[in-house]
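Subject: Structure handover

Hi,

Here is the structure I promised you. Please open it alongside this email, and my notes follow below.

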Amino acid sequence: MICVVCAISFLVLFARLLYVLFQVHYNDTSTPLHRVPPTFPKPVRLLAVAGSGGHTAELLQLLAAATAAPSSKSSCLSFSTRHYIVANTDSMSQDKIEQFETTRNTETSVVISKIPRAREVGQSYLTSILTTVYSQLFCIPHVLRARPDILLVNGPGTCIPVCVFVFLLRVLGLCRGKIVYVESICRVNTLSLSAKILVFFADHVLVQWPQLASSYRCKYIGRLVS
């Protein structure tokens, strides 16, 4: 009897995984992203993973644009919670986020959590497997707390464990968890390792140079940061 229950549970989870992957890979790519009707209740729960240095600066530019006054053709996002995850050795990003939030003058709840880096700059891919698993364990309570409607990431490797767990929660039906990855403007001719991984399960992978739009599942909708 237990074996039957386990088998049925496995089949249900596998079917759910296929359904979510179908949603991710076969959404309507013919419709411009900024004209896609909103599918989230307002306000939404946002989880954002800050990299370091330029990555954090670009992320905050994206959030500033998302919370700016709406244009005549697209609605402005409002957030019930903005939850940030930063690397535990990255105090500069935390300072930048705190400065950014003090200028917003909103009643949105803001949370900043820290996790170990999944991969340090220059670290070998082999040893990064262990550090990624270690980082994955630390991100679990923070992602469970956030249960985001939207996960916004722009690299580097710190975002991968968070993306994996948010995707898992989405498969289990515990959050909406739409993953939006914005490639750094510094990436002109080749994708980053994070982008090469996330093309397989992120809802949108946005690039900022037209020559990258030929990459698998990548979309170019113009320059998003300066």
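In which helix do Tyr134 and Phe138 lie, and how many residues apart are they? Both sit in helix α4, 4 residues apart, which is about one turn of the helix. Please keep in mind that this is a predicted model.

**Aromatic pairs**

Searching the whole structure turns up 5 aromatic pairs. Tyr134 and Phe138 form one of them, with an edge-to-face arrangement. Their ring centres are 4.9 Å apart, and the planes make an angle of 65 degrees. That counts as edge-to-face because the angle is over 60 degrees. Tyr134 has 47% relative accessibility, so it counts as partly exposed. Phe138 has a relative accessible area of 37% and is also partly exposed.

Phe167 and Phe201 make a tilted pair. Here the centres are 5.4 Å apart, with 55 degrees between the planes. This pair links distant parts of the chain. Phe167 is in helix α5, Phe201 is in the loop between α6 and β6, and 34 residues separate them. Phe167 is buried, at a relative accessible area of 12%. Phe201 is buried too, with a value of 12%.

**Overall layout**

The protein has 6 helices and 7 strands. From the N terminus, the order is α-β-α-β-α-β-α-β-α-β-α-β-β. The protein has 226 residues, and 41% of them count as buried. Take the contacts with a separation of 6 or more: 68% of these join residues 24 or more positions apart.

**Helix α1 against helix α5**

Helix α1 covers residues 2-25, and helix α5 covers residues 159-171. They pack at an angle of about 115 degrees, with axes 9 Å apart. The crossing is right-handed. On the α1 side, the contact uses Leu13, Arg16, Leu17, Val20, Leu21, Gln23 and Val24. On the α5 side, it uses Phe167, Arg170 and Val171. By class, that gives 7 nonpolar, 1 polar and 2 charged residues.

**Nonpolar cores**

Which residues touch the most other members of the largest nonpolar core? They are Val143, Leu151, Val162 and Leu198, out of 33 residues. At least two residues each come from α1, β1 (44-49), α4 (125-146), β4 (150-153), α5, β5 (178-182), α6 (193-198) and β6 (204-207). Helix α5 supplies the largest share, 9 residues.

Leu198 is worth a click. Leaving out residues up to four places away in sequence, Leu198 touches Val153, Cys159, Ile160, Cys163, Tyr181, Val205 and Arg217.

Gln136 lies in helix α4. Is Gln136 buried or exposed? Gln136 is buried, with a relative accessible area of 18%. Beyond its neighbours within four places in sequence, Gln136 contacts Pro161, Val164 and Phe165.

Arg145 is also in helix α4. At 54% relative accessibility, Arg145 counts as exposed. Not counting residues up to four places away, Arg145 touches Arg45, His83 and Val111. Arg145 and His83 are 62 residues apart in sequence, yet their C-alpha atoms are 9.2 Å apart in space.

**Backbone angles to check**

Most residues other than glycine have a negative phi. Arg147 has a phi near 40 degrees, a positive value. Arg147 lies in the loop between α4 and β4. Arg147 is partly exposed, with a relative accessible area of 38%.

Arg217 has a positive phi as well, near 65 degrees. Arg217 is found in the loop between β6 and β7 (218-220). Where Arg147 is partly exposed, Arg217 counts as buried, at 18% relative accessibility. Arg217 is also one of the residues that Leu198 touches.

Best wishes

How values were computed: Residues are numbered from 1 along each chain as its sequence is written. This is a predicted model: local features need pLDDT of at least 70, side-chain atom pairs count only at pLDDT 80 or more; totals for chains, interfaces and linings use all residues. Side-chain values use heavy atoms; hydrogens and water are left out. Axes are lines fitted to C-alpha atoms, for helices over the stretch in contact, and angles run from 0 to 180 degrees between N-to-C directions. A crossing is left-handed if the near helix is turned anticlockwise from the far one by less than a right angle, and right-handed if clockwise. Contact means heavy atoms within 4.5 Å. Ala, Val, Leu, Ile, Met, Phe, Trp, Tyr, Cys and Pro count as nonpolar, Asp, Glu, Lys and Arg as charged, and the others, Gly among them, as polar. A nonpolar core is a set of buried Ala, Val, Leu, Ile, Met, Phe, Trp, Tyr and Cys residues joined through side-chain atoms within 4.5 Å. Buried means under 20% relative accessible area, exposed over 50%, partly exposed in between (1.4 Å probe, protein chains only). Rings of Phe, Tyr and Trp (its six-membered ring) pair if their centres lie within 6.5 Å; planes under 30 degrees apart count as stacked, over 60 as edge-to-face and the rest as tilted.
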